[in-house]
Amino acid sequence: MTRARIALAASVGAALVLTASACAPQPSSTANAAGSPSTGTSATAAACSTSSPNLYKPGQLTVATDSPAYSPWFDNNNPSDGKGFESAVAYAVAGKLGFSKSQVKWVVEPFDNSYAPGAKNFDFDINEISVTPQRAQAVDFSTGYYTADQGVLVLNSSKYAKATSLAELKGARIGVQVATTSYQAVQDEIKPSRTPSVYNTTNDEVNALQDGQIDAIVTDMPTVFYLASAELSHGKILGEFNYDSGTPEQFGLLLKKGSGLTSCVDQAIAGLKSDGTLAKITDQWLSASADVPHLKQ
């Protein structure tokens with residue numbers, strides 16, 4: 001599901017500080033509606049340097065996110081400590097662009113304001129922002145840095161709390177939210193013996209789980225993280241599973257429309273993917289730290 005505003009967690013900054021040449025001239029790319037790059041004007045070395053005229057403030061990389069900033073995306077509502085998945089990603093991107101950790105300045109930007117049209121007081125915003133065609137009309141998005149899997153949430157007291165595979169959930173009463181890919185993901189991957197219950201909101205799902213009307217909630221992992229940390233005192237993330245038949249939800253860095261830094265950020269993310277850094281960050285903060293096993297059939 002696209003995050004409408006459900007708030008949703010070893011600093012890598014210093015180790016990833018590279019020179020500005022890491023963003024040397026390459027074909028520019030502005031994310032399309034699916035978060036994929038489209039070729040544009042070549043980015044010059046100057047445009048991608050720490051003194052680029054495209055920066056909100058020369059010599060400084062200004063990064064925005066909301067407050068409070070939740071785990072596992074950030075740590076203790078402190079984006080600047082380099083801990084948590086998105087804080088680590090931000091500093092890794094900064095390193096690829098040639099910025100040291102001390103050159104990164106964090107500012108607060110409410111989630112709903114971030115993709116509104118108009119001027120921005122940051123270079124990019126990192127805040128679990130899903131790339132959508134509607135939002136891309138008003139802002140630029142980088143290529144995706146995170147693709148959300150489906151997650152399963154149960155109560156600690158549930159008879160399914162020790163399940164380690166999707167097959168063990170076939171008899172469970174499962175709740176999903178309307179207008180999401182989760183319903184079909186449940187039908188295709190879990191193949192439950194009972195038709196999933198469909199709810200209008202996540203609050204309805206949580207109430208149904210707490211009242212014993214359903215045994216499990218299946219929704220995207222960002223929502224699962226939030227519900228487990230902020231809405232359910234006795235909730236347990238059972239695990240995650242891939243669903244490739246739907247339209248994947250991708251998070252992208254958000255920049256002002258027509259930003260001269262979009263192509264530079266795309267190149268930085270591409271570098272983090274190709275050298276394995278992004279995979280390591282994902283494993284550290286969204287798998288190991290959050291203790292989320294992968295549920296197989």
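Me: What lies over the face of Tyr115?
Reply: Arg135 does, at 4.2 Å from the ring centre. A charge counts as over a ring if NZ of Lys or CZ of Arg is within 6 Å of the ring centre and within 35 degrees of the ring normal.

Me: How is the model treated?
Reply: This is a predicted model: local features need pLDDT of at least 70, side-chain atom pairs count only at pLDDT 80 or more, and totals for chains, interfaces and linings use all residues. Residues are numbered from 1 along each chain as its sequence is written, and side-chain values use heavy atoms, with hydrogens and water left out.

Me: What lies over the face of Tyr91?
Reply: Lys101, at 5.2 Å from the ring centre.

Me: Which ring geometry do Tyr91 and Trp106 have?
Reply: A search of the whole structure finds twelve aromatic pairs. In the Tyr91 and Trp106 pair, the centres are 6.0 Å apart and the planes meet at 65°, so it is edge-to-face. Rings of Phe, Tyr and Trp (its six-membered ring) pair if their centres lie within 6.5 Å; planes under 30 degrees apart are stacked, over 60 edge-to-face, the rest tilted.

Me: Where do Tyr91 and Trp106 sit in the chain?
Reply: Tyr91 is in helix H1 (residues 85-96) and Trp106 in strand S4 (residues 104-108), 15 residues apart. Helices (H or I, at least four residues) and strands (E, at least two) are DSSP runs, numbered from the N terminus.

Me: Is Tyr91 buried or exposed?
Reply: Buried, at 3% relative accessibility. Trp106 is buried too, with a relative accessible area of 14%. The cut-offs are under 20% for buried, over 50% for exposed, and partly exposed in between (1.4 Å probe, protein chains only).

Me: New topic. How many disulfides?
Reply: One. Cys48 and Cys264 form it, with sulfur atoms 2.0 Å apart; the rule is a pair of cysteine sulfur atoms within 2.5 Å. The S-S torsion is about -85°, so the disulfide is left-handed.

Me: Which parts of the chain does the pair link?
Reply: Cys48 is in the loop between strand S2 (37-39) and strand S3 (61-65). Cys264 is in helix H7 (residues 262-274), 216 residues away. Cys48 is buried at 2% relative accessibility, and Cys264 is buried at 0%.

Me: How many residues has the largest nonpolar core?
Reply: It has 53, and those with the most contacts inside it are Phe85, Val93, Phe124, Ile126, Tyr145 and Tyr146. H1 gives the most to this core, eight residues. A nonpolar core is a set of buried Ala, Val, Leu, Ile, Met, Phe, Trp, Tyr and Cys residues joined through side-chain atoms within 4.5 Å.

Me: What does Tyr145 touch?
Reply: Leaving out residues up to four places away in sequence, its partners include Phe85, Ile126, Phe251 and Leu278. Contact means heavy atoms within 4.5 Å. Tyr145 is also part of one aromatic cluster with Trp73, Phe85, Tyr146, Phe225 and Phe251.

Me: Backbone next. Where is a cis peptide bond?
Reply: One joins Ser67 and Pro68, with omega about 5°. The bond from Ser71 to Pro72 is cis as well, omega near 5°. Pro68 is in the loop between S3 and H1, and Pro72 is found in that loop.

Me: What is the phi of Glu128?
Reply: Positive, about 50°, although it is not a glycine. Most residues other than glycine have a negative phi. Glu128 is buried, at 3% relative accessibility. Lys191 also has a positive phi, about 55°, but Lys191 is partly exposed, at 48%.
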